[in-house]
Amino acid sequence: MNPDMILIRFGEFTMKGKNRDRFDKRMVEQVRRSLRSFVRAEITRTYGRIYITLNGEPYEEIAIKLKDIFGIATFSPIRKVANELEAIRSAALEVMQALPSQPATFKVSTKRVEKQFPHDTQEMNHLVGGHVLRETPGLKVNVREPEVELRVEIQPEGTYVFSSVVQAAGGFPYGTNGKAMLLLSGGIDSPVAGYLAMRQGLEIEAVHFHSYPFTSDKAKEKVIDLVRRLSHYSGVPIKLHLVSFTDIQTALAQSGQDPLIITLMRRSMLRIAERIAEQVGAFGLVSGDSLGQVASQTLGSMNVIGRSAQLPLLRPLITMDKNEIIRIARQIDTFETSILPYEDCCTLFVPKSPSTNPNLAIVEKTEQAIDGLEAMITEAVASVEVMRITPEIRSAIETAGEDSWF
């Protein structure tokens, strides 16, 4: 079947009233932005839905785009016909005959919004179903567990006929629930955490800590590629804040508290990320912590580390195991980049026996004893390098300082 249109259904947003209208409008903006290269496609909105009239544009290529847009729950390729019984029955048969393989069972589900239509819902189920059965030998009706559900929606402007319901990304429209700062290490976990945060409607900016010359330009390029992949899902550029962590990391390594180095590092990272977040108007921090995976992710460690920041610390992966995280990383196409063997600063100065239950008082006393730590944190924030990463690969370095997209 060559569909005339695509019907997009939104996710079940909890917002109502004016907020719901704002979410719906944002969905239209995102769909328009994603489909801007399909110039003949026409986009219209009704409450909780978007209709795309293809006008000859390729359905398959548009479907690939729609699957990755946050806020779209499902979509369907549809035929639109006049509110006339024979036109509806003809379209229904065409939809069934265009299936990749003939099913053994089906049922018709009619929704009659146009109350002036002469046949009610049950009549239409029989009238359409009977026509399809007569023209399709071997096909049977099963109203409880059909292989195919043939849907007929009779609206005032016309009737929509379809059978396919394609799952999309779901969640909330990007940027409708505020902004947060993602701590991006370059490993498997943090890009997945960023994706899940974005799916919940958070606009993100990313912060990455490097320790040049101990870490290479390859590690930096790896992180840029990860942000670029995340920007594919946002549909708009994402800012990446690159923080020089060399002086701080060296000072922490010389503190004489080897078991606490990871705890001390992460606390300083959170302080820096929080200050950057406040500068850009972000109201939360996102990390890739998963409970119990490593020494710094025990509940005791996360308690001590998290106390260094005042902003909410969001941990989307907290109850996931590694296999679940890897599955999502493969799904969003960040896994192969994440496992590239380029070290980030988190892999440097790792102690043989890191503390899994650090004492807050000892950690704070150690920090107070490190000469110039607060000044180094201030300098790290002041000297941050900001890059604006777009979904498209560009040959030149992305520039900073441009306004956010809304």
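The lining of the second largest pocket comprises six nonpolar, seven polar and five charged residues. In this classification, Ala, Val, Leu, Ile, Met, Phe, Trp, Tyr, Cys and Pro count as nonpolar, Asp, Glu, Lys and Arg as charged, and the others, Gly among them, as polar. The structure is a predicted model, in which local features need pLDDT of at least 70 and side-chain atom pairs count only at pLDDT 80 or more, whereas totals for chains, interfaces and linings use all residues. Residues are numbered from 1 along each chain as its sequence is written, and side-chain values use heavy atoms, with hydrogens and water left out.

### The second largest pocket

This pocket holds about 410 Å³ of space. Of its 18 lining residues, S34, R36, K65, H232 and G235 are the closest to the centre. Helix 1 (17-34) and helix 6 are the elements that give two or more residues to the lining, and helix 6 gives the most, with four. A pocket is an open set of points on a 1 Å grid over the protein atoms alone where a 1.4 Å probe fits, with protein on both sides within 12 Å along at least five of seven lines; lining residues have an atom within 4 Å of a point. The volume is the space filled by probe spheres set on the points, which are joined across faces, edges and corners. Helices (H or I, at least four residues) and strands (E, at least two) are DSSP runs numbered from the N terminus.

Leaving aside residues up to four places away in sequence, V227 is in contact (heavy atoms within 4.5 Å) with L184, A206, I238, L240 and I389.

Two strands pair if DSSP finds at least two bridges between them.

| Partner | Sense | Bridges | Opposite residues |
|---|---|---|---|
| Strand 1 (residues 5-10) | antiparallel | six | I8 and F75 |
| Strand 9 (residues 166-167) | antiparallel | two | F75 and V166 |
| Strand 8 (residues 158-162) | antiparallel | three | K80 and Y160 |

Y174 is found in the loop between strand 9 and strand 10. Y174 counts as buried because its relative accessibility is 1%. The C-alpha atoms of Y174 and E203 are 6.1 Å apart, although the two residues are 29 apart in sequence.

An open sheet of six strands with mixed pairing has the order 14-13-10-11-12-15. Strand 14 (313-314) and strand 15 stand at the edges, each with a single partner strand, so one side of each has no neighbour in the sheet. Strand 12 and strand 15 run antiparallel and are joined by five bridges. Within this pairing, K239 stands opposite R388 in strand 15.

Conventions:
Buried means under 20% relative accessible area, exposed over 50%, partly exposed in between (1.4 Å probe, protein chains only).
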